[in-house]
Amino acid sequence: MEEGKFITFEGGEGVGKSTQLARLAKALSAHGIDVLPTREPGGSAGAEQIRDLLVTGVVERWTPISELLLLFAARADHVEKTIKPALSCGTWVLCDRFSDSTLAYQGYGHGVRLEVISQLHDLVVGKFQPDFTLYLDINVDDGLRRANNRKRLSSHELVGEEDRFERMNLPFHEKIRNGFKKIVDENSDRCILIDASKDENCVFDAIFQAVKGRFSLA
């Protein structure tokens, strides 16, 4: 059986990753492809428990290093218990955030040395990486505005308090955006930048055309 493909969605707050991932999953399923949507932090029972520690509470809840270690603990569980088993069965895995987010948020955003993150990555997942990464890019102010609007339009039960990173300051989010752009530039064989400032349908069209071209889908 041919192994499945691992596609990741990356970007700052409010870029529409979750919405576009769900649309791509539906489109691929219509092509007869088995698809597993997942997310980070989270995606397995243990990782979801760690997610709650990371995305809720006060901004200062964790030091950058503590945050980094929690993320990698969640990723270790997610990769071994969810992602790799699905790929081995021929399922395509679509993941909302993966290792590039760690580089962007904890590395470029919080200032953790990139070599430290790289060493932990090698220890936890080794050479494992996505087959294709879609980076959704938008102006930071617009992204945060979208994120805040989403919270106002959704019920408290649906959104919960998963806004710890959104509440971090504007310079932090600017560093993240710049970090993502650098990651894309340095990994152009794997990553593609998608302009997420356009309307939802235009963004999805760009995503689907990129995926079809990458994997030679009819």
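# Helix pair, sheet and salt bridges

Helix 4 and helix 5 are roughly antiparallel to each other. Angles over 145 degrees count as roughly antiparallel, under 35 as roughly parallel, 65 to 115 as roughly perpendicular, and the rest as oblique. This is a predicted model: local features need pLDDT of at least 70, side-chain atom pairs count only at pLDDT 80 or more, and totals for chains, interfaces and linings use all residues. Residues are numbered from 1 along each chain as its sequence is written, and side-chain values use heavy atoms, with hydrogens and water left out.

## The helix pair

Helix 4 covers residues 99–109 and helix 5 covers residues 114–124. Helices (H or I, at least four residues) and strands (E, at least two) are DSSP runs, numbered from the N terminus. The two helices pack at about 150°, and their axes lie 10 Å apart. Axes are lines fitted to C-alpha atoms, for helices over the stretch in contact; angles run from 0 to 180 degrees between N-to-C directions.

Helix 4 passes helix 5 in a right-handed crossing. On the helix 4 side, the contact uses Ser-99, Thr-102, Leu-103, Gln-106, Gly-107 and Tyr-108. Helix 5 supplies Leu-114, Ile-117 and His-121. Contact means heavy atoms within 4.5 Å. A crossing is right-handed if the near helix is turned clockwise from the far one by less than a right angle, and left-handed if anticlockwise.

In what order do the 5 strands of the open sheet stand? The order is 2-3-1-4-5, and the pairing is parallel. Strand 2 (35–39) and strand 5 (191–195) are the edge strands, each pairing on one side only. Neighbouring strands are turned by 20° against each other on average, direction ignored. Two strands pair if DSSP finds at least two bridges between them.

Strand 1 (residues 6–11) is joined to strand 3 (residues 92–96) by 4 bridges. Here Phe-6 stands opposite Val-93 of strand 3. Strand 1 also runs parallel to strand 4, with 5 bridges between them. Thr-8 has Thr-133 as its bridge partner in strand 4. Another 5 bridges join strand 4 to strand 5, where Leu-136 stands opposite Ile-194.

Helix 3 lies across strand 1, strand 2 and strand 3, at about 160° to strand 2. Helix 9 (residues 200–215) packs on the sheet too, touching strand 1, strand 3, strand 4 (132–137) and strand 5. The direction of helix 9 makes about 160° with that of strand 4.

## Buried residues in the strands

Strand 4 is largely enclosed by the rest of the structure, because 6 of its 6 residues are buried. Buried means under 20% relative accessible area, exposed over 50%, and partly exposed in between (1.4 Å probe, protein chains only). In a regular strand the side chains alternate between the two faces of the sheet. In strand 4, Phe-132, Leu-134 and Leu-136 point one way. Thr-133, Tyr-135 and Asp-137 point the other way.

Thr-38 sits in strand 2. It is buried, at 11% relative accessible area. Beyond its neighbours within four places in sequence, Thr-38 touches Leu-21, Gly-43, His-78, Thr-82, Val-93, Leu-94, Cys-95 and Asp-96.

## Salt bridges

How many salt bridges does the structure hold? There are 14. A salt bridge is a side-chain nitrogen of Lys or Arg within 4 Å of a carboxyl oxygen of Asp or Glu.

One of them joins Glu-48 and Arg-39, at 2.7 Å from N to O.

Glu-162 and Arg-51 form another, at 3.0 Å from N to O. Glu-162 lies in the loop between helix 7 (156–159) and helix 8 (170–186), and Arg-51 lies in helix 2 (residues 45–55), so the pair ties together parts 111 residues apart in sequence.

Glu-67 pairs with Arg-164, the closest N and O atoms being 2.8 Å apart. Glu-67 is in helix 3 (residues 64–88) and Arg-164 in the loop between helix 7 and helix 8, so this pair ties together parts 97 residues apart in sequence.

How open are these partners? The table gives their relative accessible areas.

| Residue | Relative accessible area | Class |
|---|---|---|
| Glu-48 | 29% | partly exposed |
| Arg-39 | 31% | partly exposed |
| Glu-162 | 34% | partly exposed |
| Arg-51 | 12% | buried |
| Glu-67 | 0% | buried |
| Arg-164 | 1% | buried |
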